[in-house]
Amino acid sequence: MTVGPVRLDVSVSYAVPRTGIPSAVSFRKWVAAALDSRIREADLAIRIVGAKEGRALNYHFRGKDYATNVLSFPAELPQGLPKGVKLPLLGDLVICAPVVAREAKEQKKRLVEHYAHLTVHGALHLLGWDHENEADAICMEQLEREILAEMGIEDPYVIA
């Protein structure tokens with residue numbers, strides 16, 4: 001039996017028109033699936049942005065002068081807490097709506113499923129998962145496949 005988060009608080013804000021973008025309820029469901037049995041308490045924020053804001057954030061924080069699909073900003077613990085003490089604050093995700101829409105079209109994926117994948121992907125980054133090397137990428141991608149399959153979403157790494 002898996003035990004999901006005891007308490008999950010996901011705040012979703014839209015900096016772009018919401019037409020064609022999933023509801024906050026959907027984003028919360030996808031985050032809950034990603035965190036299920038991996039963490040017991042979490043607060044995080046998701047901001048859906050346009051290309052200009054996405055590009056500015058990617059440049060400022062990663063030095064890359066283009067908008068990317070999802071950015072993950074893990075929360076940093078305040079100084080002075082004893083080692084091992086963690087706050088429920090997990091971090092923030094920024095999802096760039098025009099990039100997600102373009103990728104879904106190019107990859108012939110359902111838009112809502114691409115949002116689900118990127119939300120799961122970003123949430124796993126907040127938990128410390130990464131894909132900086134091939135071994136880590138294989139593990140992270142397999143976990144994403146399993147989480148998405150539980151929601152009835154096909155393998156996101158198979159491009160039509």
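**Around Met140**

Modeller: Happy to; keep in mind that this is a predicted model. Leaving out neighbours within four places in sequence, Met140 is in contact with His121, Leu124, His125, Trp129, Asp130 and His131.

Colleague: Is methionine 140 buried or exposed?

Modeller: Methionine 140 sits in helix α5. Its relative accessible area is 0%, and the cut-off for buried is under 20%, so methionine 140 counts as buried.

Colleague: What separates the C-alpha atoms of methionine 140 and tryptophan 129?

Modeller: Trp129 is among the contacts of Met140. The two are eleven residues apart along the chain, and their C-alpha atoms are separated by 6.5 Å.

Colleague: On to the core: which elements give two or more residues to the largest nonpolar core?

Modeller: That core has 34 residues, and Ile21, Phe27, Leu44, Ile46, Ile48, Ile95 and Tyr115 touch the most other members. Contributing two or more residues each are β1 (7-14), α1 (24-35), β2 (41-49), β4 (89-96), α3 (97-106), α4 (111-126) and α5 (134-150).

Colleague: And the largest pocket: which residues are the closest to its centre?

Modeller: The largest pocket has a volume of about 410 Å³, and α2 (51-62), β3 (70-74) and α4 each give two or more residues to its lining. By class, that lining has seven nonpolar, seven polar and four charged residues. Of the 18 lining residues, the closest to the centre are Arg62, Val70, His121, His125 and His131.

Conventions:
Residues are numbered from 1 along each chain as its sequence is written. This is a predicted model: local features need pLDDT of at least 70, side-chain atom pairs count only at pLDDT 80 or more; totals for chains, interfaces and linings use all residues. Side-chain values use heavy atoms; hydrogens and water are left out. A nonpolar core is a set of buried Ala, Val, Leu, Ile, Met, Phe, Trp, Tyr and Cys residues joined through side-chain atoms within 4.5 Å. Buried means under 20% relative accessible area, exposed over 50%, partly exposed in between (1.4 Å probe, protein chains only). Helices (H or I, at least four residues) and strands (E, at least two) are DSSP runs, numbered from the N terminus. On a 1 Å grid over the protein atoms alone, a cavity is a set of points where a 1.4 Å probe fits but cannot get out, and a pocket is an open set with protein on both sides within 12 Å along at least five of seven lines; lining residues have an atom within 4 Å of a point. Grid points are joined across faces, edges and corners, and a volume is the space filled by probe spheres set on the points. Ala, Val, Leu, Ile, Met, Phe, Trp, Tyr, Cys and Pro count as nonpolar, Asp, Glu, Lys and Arg as charged, and the others, Gly among them, as polar. Contact means heavy atoms within 4.5 Å.
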